[in-house]
Amino acid sequence: MACEPWTEKLDAYLDGEIPAGEARALQQHLRECATCAAEALATVQQKLAVKAAAKRFVPDPAFRARIERSIAARRPSAGLFSGRLGWLRVFEIATVAAVLLIGGALFLTLRRGRGEERLISELVDQHVATLASANPVDVISTDRHTVKPWFAGKIPFTFNLPELEGSPFVLVGGRVSYLSQSPGAELIFRVRQHQISVFIFREEELTEVREKETLRTALSFEVRTWHHNGLRYFMIGDASPQDLDRLSELLKAAG
Amino acid sequence: MWNYRNKTAVRWFTLVYVSEERLLSGSFEELAMPLFDRLYNFAHWLTQDRQEAEDLVQETYVKALKGFPSFRPGTNFRAWIYQILRNTFLTSRTGLKSTATVPLDMESDEQILPAVKDTPGSILLQRSDRQLVQEALGRLPLPYREVLLLCEFEEMSYQEISATLAIPIGTVMSRLSRARRALREAVQGLQGTEQGY
């Protein structure tokens with residue numbers, strides 16, 4: 001039967017789902033076959049009738065508005081913190097921020113720590129150089145009233161020296177020192193056979209040091225640092241920690 | 001300086017996250033809302049009940065929005081969301097009832113049936129037969145009803161129907177062919193009743 005191969009393809013043809021070549025051949029057959037043409041017409045009519053009939057149910061506008069609101073409520077632009085998703089994001093952001101802040105703080109601490117470390121090792125070097133020097137001091141005195149005026153005009157600040165009478169400490173003398181290109185005073189004290197250097201610089205010149213007061217040891221030297229009246233004091237020596245503490249108390253009291 | 005950098009980084013991250021999500025949500029709205037009326041119509045045809053249709057559409061939108069990040073851009077969104085709607089319906093009480101009443105042998109024959117050779121005059125549907133066709137469509141078994149709606153009303157390609165119903169294209173063709181015949185028979189039956197046969 002001539003119609004046989006076409007009847008199976010008629011639906012697909014009318015749905016636009018067969019290749020162009022086959023479609024042309026089927027069109028040719030439809031022109032020649034009244035039965036198939038009538039069938040095609042019936043199917044097309046049915047397709048159109050179903051299309052028209054299927055459009056039947058219209059949603060309630062209030063329902064549509066409800067869905068729209070529900071989508072908008074889940075949208076972050078309606079509020080970063082709205083909805084479950086929003087809070088999850090907030091936690092993520094908070095975590096990232098916390099990591100960054102902790103990282104930043106750690107970096108700053110390490111950097112500052114390294115900066116301070118560097119200053120102290122520089123001062124320890126200076127102290128060692130002073131110990132090794134044939135002329136450890138520029139101004140020799142056992143009297144604080146000679147040493148202090150000597151610094152006038154040599155450094156951009158002045159400081160007070162303690163009364164050492166009755167203490168085991170002896171002021172050997174002083175010299176001008178430099179730290180981070182800033183001039184300061186180096187005072188040399190002696191307690192028994194040990195020498196202690198006390199460095200005094202302007203606090204504002206030393207951005208690396210932020211701790212108010214530090215006790216530590218560097219290369220087995222005892223180190224003390226504190227600040228007073230805008231000045232930063234560093235004390236370095238191989239004497240006992242108690243000696244350094246006592247001398248620092250005397251200096252603080254005088255300052 | 002470091003504080004400034006930290007703040008900038010936080011702002012940057014916030015911007016990336018928020019704009020990414022805004023983009024997703026924005027495009028979801030843009031893709032899904034134009035389909036709202038049609039999805040509702042389809043849902044109502046499936047459930048045959050206004051309240052159930054609203055519940056079904058609402059659940060579909062919730063699921064689609066939730067699953068939207070997994071939707072691959074460039075693929076067929078319409079088929080995707082219709083599939084969600086249909087799957088949601090099939091697992092609902094009404095859906096389970098509908099599928100339970102479908103004859104078991106419906107899909108057993110993959111062969112495409114030849115078009116019906118009835119007298120064209122008696123079955124030539126007119127658009128004016130709207131109510132009759134609606135009645136007949138409502139009486140069709142669910143697989144026939146949905147495939148006809150997707151093809152004729154949604155004007156989906158066989159490929160899209162195949163994706164939406166998760167069946168091979170061959171099955172789409174055979175089911176469509178049977179559905180058309182079933183609809184004609186249903187209309188004829190209704191016409192017969194009306195004419196007092």
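This is a predicted model: local features need pLDDT of at least 70, side-chain atom pairs count only at pLDDT 80 or more; totals for chains, interfaces and linings use all residues.

Chain B has 10 helices and zero strands, and its elements, read from the N terminus, run α-α-α-α-α-α-α-α-α-α. Of its 197 residues, 34% count as buried. Among contacts in chain B between residues at least 6 apart in sequence, those that join residues at least 24 apart make up 72%.

Two packed helices are described by the angle between their axes and the distance between the axes. In chain B, helix α2 (residues 36-47) packs on helix α3 (residues 50-67) at an angle of about 130 degrees, and their axes are 8 Å apart.

| Helix | Residues in the contact |
|---|---|
| α2(B) | B:Leu39, B:Tyr40, B:Ala43, B:His44, B:Thr47 |
| α3(B) | B:Arg50, B:Glu52, B:Ala53, B:Leu56, B:Val57, B:Thr60 |

By type, the residues of the contact of α2(B) with α3(B) divide into six nonpolar, three polar and two charged.

In chain A, helix α2 (residues 20-32) has 13 residues, which at 1.5 Å a residue should span 18 Å; the end C-alpha atoms are 19 Å apart, which agrees. This helix, α2(A), is hardly covered, as the count of buried residues among its 13 residues is one.

Definitions and conventions: Residues are numbered from 1 along each chain as its sequence is written. Chains are lettered from A and ligands numbered from 1 in the order in which they are written. Axes are lines fitted to C-alpha atoms, for helices over the stretch in contact, and angles run from 0 to 180 degrees between N-to-C directions. Helices (H or I, at least four residues) and strands (E, at least two) are DSSP runs, numbered from the N terminus. Two residues are in contact if their C-beta atoms, placed from the backbone, lie within 7 Å. Ala, Val, Leu, Ile, Met, Phe, Trp, Tyr, Cys and Pro count as nonpolar, Asp, Glu, Lys and Arg as charged, and the others, Gly among them, as polar. The expected span of a helix is 1.5 Å times one less than its number of residues. A residue is buried if 20 or more other C-beta atoms lie within 10 Å of its own, exposed if 12 or fewer, and partly exposed in between; C-beta atoms are placed from the backbone.
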